[in-house]
Amino acid sequence: MKPITVKHLAASMIAAGILGAAALPAQAEDQFVPLLAYRTGAFAPLGIPWADGKMDYLKLVNARGGINGVKITYEECETAYATDKGVECYERLKKAPPTGASAFDPQSTGITFAVSDKAPADKQPIMTVGYGLSQSTDGSVFPWNFPLLGTYWTAADIMIQDIAKREGGMDKLKGKKIALVYHDSPYGKEPIPLLQARAKKDGFELLLYPVTAPGVEQKSTWLQIRQAKPNYVLLWSAGIMTPTAIREAQASGYPRDKMYGIWWAASEGDVKDLGDVAKGYSAVSIANSASTGKVHQDLKTMVYDKGQGTDSTGKSVGTIAHTRGMIISMLTTEAIRTAQEKYGKGKSLTPEQVRWGLENLNLTQERLNEIGFGEIMRPVKTSCTNHTGDDWARIIQWNGSKFEVKGDWYRSDPAVVGPLVKEAAEKYAKDKNLTPVKCEG
């Protein structure tokens, strides 16, 4: 499918005699943003509102006048969360006109692993907001990867911090058992190094329970958990695996208020059909996407009230997954806006120029307020050495009918996460025979 642009539409209208050439104002060059999605497959309940949110925010940016007059064009490509399909989408869209792909959000750890080796040669930014390769925080080794706002090491560390808070301090973790029930894939395995480091440092026993995709068969896993009696269970799942785990926890008598899910296992679609069965289930939430803000009002009045919303029902707007999708597109467009400050306002940019914008993001509270995200996330600033930026997150809890934000903001402990990033990034550079970029300062 060829992406539709303002100019393409205008040209066709001229050809049809609907508009005269004199009636068409001069248009700034367009900026292309690829939209990888999984609206099908086992993870579709999460993927659909996530994809809707990404597309809806781009529509809102255009409704607001674009990025300094530059309109966004986009094309969605279905991956079904399959790595081979994701790579096909990447190859097809990376050179899409008129600018090439501004930045890819693969929406899959497996796809991210596959395209990260291609990105340096292609000069193609890869955005992994809340997922991907945790060590790609180190921009000197991963100049084209941007795990913005947080990684799976961020999430795992914050889960342990919240558990420690509940127990009365980090020293109270000694002798406890903490289980990880995880999707047996690159995605599910990502938090293991962090949890192993934490277990060694804090003295708890880490129990690992892989679950074969798609995660509909977990009875044996929860029988093992029933026997082991862990004090807490961390759930690294998505799609059907999440409600299945919660139901099996109930069946085995494991308390849901002792369970923590990763942010991809923490959307309304994961638990709404469970109701009180999931009551007490907690999760870590990247940014504060369990809340709504001015951006949702603008989306309603400027997009949905005009019949242009992506979700024909409008029911996904304001949900956690939809808001996270909007956050991803917001970070993309703000990187483009940042890059325009260097390369020219009102100009379309190359992916390499957008990469500079991603590496020099500085979303202040004032700017977040201006674009409607002031109540949803905290300020974030990236640099050459830190491609994640500020990794704020909060804990949310299901009350039987909705998720509620619990407590204040957390950040990962740099004394724990930092050495892991350094060690893994150095190993990656050695294995791939890469020379790290020399960062200034």
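Select Ile 178 and Tyr 232: Tyr 232 is the bridge partner of Ile 178 and lies in strand E7. This is a predicted model, in which local features need pLDDT of at least 70, side-chain atom pairs count only at pLDDT 80 or more, and totals for chains, interfaces and linings use all residues. Residues are numbered from 1 along each chain as its sequence is written, and side-chain values use heavy atoms, with hydrogens and water left out.

E5 and E7 pair in the parallel sense over five bridges; two strands pair if DSSP finds at least two bridges between them. Six of the seven residues of E5 are buried (under 20% relative accessible area, with a 1.4 Å probe and protein chains only).

The peptide bond from Ala 213 to Pro 214 is cis, with omega near 0°. Another cis bond joins Pro 97 and Pro 98; Pro 98 is in the loop between helices H3 (83-93) and H4 (109-116).

Most residues other than glycine have a negative phi, and most peptide bonds are trans. Now select Leu 149, in the loop between strand E4 (145-146) and helix H6 (152-167). Its phi is positive, near 75°. Leu 149 counts as buried because its relative accessibility is 5%.

Technical notes
Buried < 20%, exposed > 50% of the residue type's maximum accessible area, 1.4 Å probe, protein only. Helix = DSSP H or I, 4+ residues; strand = E, 2+ residues; numbered from the N terminus.
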